[in-house]
Amino acid sequence: MTPGTLYLRLALAEMVTWTLLIAGMIGKYGFGLDWATTIGGSIHGFVFLCYAVTTVAVWTDKRWSLGTGVLGLASAVIPYATYPFERSVERRGLLAGPWRLGPDGEIPTALPEKLLAFALRYPVRALLVVLVLVAIVFTILVSAGKPTEWFS
């Protein structure tokens, strides 16, 4: 799977999960269904973290500028902004081609490139590690409670 294909799929998934979260909020605050935000929020949170990891991977592989990478991460925070951001970087050619650091690609130099190259050369191992890490972060965030209550 190319970086462009992966990024497009996660940008769309992030939009779908925003819809689930918003529907959950309508269910909770409009109809008293407290469980609705738990389901929508959990799915959205997991996809959000996956999108963030993918953004960093594509940013590293495609050598995006700092501004582009940060904007990519920020797009996940704004409802429905991931797809317009993905379209923008696609139009600018920033998602073109295969993985630069893939098995037949360039030799990585910096630590982030080495980590990404390992992930691209051993995708099953890397996927398991990333899923475990995302699940750990997800569990910590769920245990921390609602984001609105973190600083109160």
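Which helix does Thr68 lie in? Thr68 lies in helix H3, residues 66–75; helices here are DSSP runs of H or I with at least four residues, numbered from the N terminus. This is a predicted model, where local features need pLDDT of at least 70, side-chain atom pairs count only at pLDDT 80 or more, and totals for chains, interfaces and linings use all residues. Residues are numbered from 1 along each chain as its sequence is written, and side-chain values use heavy atoms, leaving out hydrogens and water.

**Around Thr68**

- Thr68 counts as buried because its relative accessibility is 9% (buried is under 20% relative accessible area, exposed over 50%, partly exposed in between, with a 1.4 Å probe and protein chains only).
- The side chains of Thr68 and Ser65 are joined by a polar contact of 3.0 Å (a pair of N or O atoms within 3.5 Å, where one must be able to donate a hydrogen and the other to accept it).
- Leaving aside residues up to four places away in sequence, Thr68 touches Phe85, Val89, Arg92 and Leu94 (contact means heavy atoms within 4.5 Å).

**Aromatic rings**

- Searching the whole structure turns up 6 aromatic pairs (ring centres within 6.5 Å; planes under 30 degrees apart are stacked, over 60 edge-to-face, and the rest tilted, with the six-membered ring used for Trp).
- Tyr7 and Phe85 have ring centres 6.3 Å apart and planes at 75°, so they pair edge-to-face.
- That pair ties together distant parts of the chain, with Tyr7 in helix H1 (residues 3–31) and Phe85 in helix H4 (residues 82–91), 78 residues apart.
- Tyr7 and Phe85 are both buried.
- Phe46 and Phe138 also pair edge-to-face, at 6.3 Å centre to centre and 90° between the planes.
- Here too distant parts are linked: Phe46 sits in helix H2 (residues 35–62) and Phe138 in helix H6, 92 residues apart.
- Phe46 counts as partly exposed because its relative accessibility is 30%.
- One aromatic cluster is formed by Tyr7, Tyr51, Trp64 and Phe85.

**Helix H6**

- H6 covers residues 123–144, and its 22 residues should span 32 Å at 1.5 Å a residue; the end C-alpha atoms are 31 Å apart, which agrees (the expected span is 1.5 Å times one less than the number of residues).

**The largest pocket**

- The largest pocket has a volume of about 1,000 Å³.
- Its lining elements with two or more residues are H1, H2, helix H5 (111–121) and H6.
- H6 gives the most to that lining, with 10 residues.

Definitions and conventions
1 Å grid on protein atoms, 1.4 Å probe; cavity = no way out; pocket = protein on both sides within 12 Å on 5 of 7 lines; lining within 4 Å. Points joined across faces, edges and corners; volume = space filled by probe spheres on them.
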